[in-house]
Amino acid sequence: MEQELFESAPVRKAYFKFALPVVFGMVLTLVYNMADTYFIARTGNTDLIAGVSLGAPIFTLMIALGDIFGLGGSSYISRLFGQKKDEEGKRVSVFCFYGAIGIGILSSLFLLAFHRPILGLLGADDATYRYAFQYYICIAAGAPFIILTLTPNNILRTEGLATEAMTGSVLGAVLNIILDPICIFVLGWGAAGAAIATVFSNFVTDVYYVWVIRHKSRKLTVDIRLFSVTADKLKEVLTIGFPASVTNLMQSFGIAMVNRQLLVYGNDKIAAMGIVLKINMIAVLVMVGFAFGGQPLIGYNYGARNRKRLKEILRFAYFSECGLAVFLGGLLALFAPWMMQFFVQDPEMIRTGVQMLRLQQTSMACVAVVLVSTVTFQSAGKAMGAFLLSVMRQGVFLAVVLSVLAQTAGYVGILISQPTADLMTALLAVPLFVVSLRSELSEK
């Protein structure tokens, strides 16, 4: 562990040292997602594009489940390392690794057994069911590999191995980009090909992470002989891991809700929204990477009770994240027509997508506040704050706003529902932060 970065290096230097590899890994993930969307869109089959879009929440669900042991474990391990409890941190890393494998296997069995009602719930109709099914089944079968990836990717950063964590993300993204056109077009597997490429890439990434932990890490391990489950350990991991999981789970829920509302306006609207959400990830993934990249630094200094340094880190994180949000949101809004044209040539779908994309950018600063607040709560072990922000943004607030605006403002109301929910959640984050952390940060 690079002790100086955690304890005494200038905040800007330390934060960027941790965050930039994560951001770079997110950018590569973004490139993969864009390439994936590009190759799917190039089939020219609107029903296929819509079918994959309908199945996308399942992939997001797996990321959410991976966060239980990935973010929950990294938060706990960071605090343990800050308290100089290295051996306990090592045992927690073993528990998280095999816990992720276990939940991956259970998830795969559940998704495969109940595929029909789940696809119906996602909004698959006669035109899109075949394609949604092809994508869904392959992704569901590969759930253990996808879910496992999130754990070592996060816990490696607790030891300062951010570059190695990033390398795994890069490896998976590059391999996925190479395999997409081969599986979709050359082998003719269509929607299933996109899913197969994703699953295999995650499997290779898992193998790489195991190698890194075994050969480069000094404080983490996958040695099953150290596996143990205690009530305290489970509580600490789940206290943060569950709210972190809910964040992505609510994203799946939110996408499914919006897709079902758009269904009455045609599959072309769902297809356009699927592309728009991938484009929007240009801003969101970079912001997520920058916010979550500082998690080990926040967790370590919170565990060490270094309040002065912790306040400096949080001040830097909030201001930098909000500035980044405004910049990236402005770029996406400005180049929205060109970006839609990159994926589709249909003038009506381009026009629809540009409107959707620009409305998504209006709340980027609010998303920035929510992200940094969520990371701070997770890092400090403040489960309730993280849980409330997770549930509200793409759960309760979105459901209420979507229901009201869809009835009162129709199609446009559906499009502005997410930015409205983002604003409401950012406003909620302020009092939550004050109640949860003000007294601790102001202590001498």
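Of the 444 residues in the protein, 60% are buried, where buried denotes a relative accessible area under 20% (1.4 Å probe, protein chains only). The structure is a predicted model, in which local features need pLDDT of at least 70 and side-chain atom pairs pLDDT 80 or more, whereas totals for chains, interfaces and linings use all residues. Residue numbers start from 1 along each chain as its sequence is written, and side-chain values rest on heavy atoms, with hydrogens and water left out.

The protein comprises 19 helices and 0 strands (DSSP runs, H or I of at least four residues for helices and E of at least two for strands, numbered from the N terminus). The radius of gyration is 21 Å, close to the 22 Å given by the globule rule for 444 residues, so the protein is as compact as a globular protein of that length; the radius is taken over C-alpha atoms, and the rule is 2.2 Å times the number of residues to the power 0.38. Among contacts (heavy atoms within 4.5 Å) between residues at least 6 apart in sequence, 84% join residues at least 24 apart. The C-alpha atoms occupy a box of roughly 60 × 45 × 35 Å along the principal axes.

N301 is buried, with a relative accessible area of 1%. Its side chain reaches the backbone oxygen of L297 at 2.9 Å. With neighbours within four places in sequence left aside, N301 is in contact with F6, N306, R309 and I313.

How values were computed: Buried means under 20% relative accessible area, exposed over 50%, partly exposed in between (1.4 Å probe, protein chains only). A polar contact is a pair of N or O atoms within 3.5 Å; within protein, one must be able to donate a hydrogen and the other to accept it, and residues adjacent in sequence count only if both atoms are side-chain atoms.
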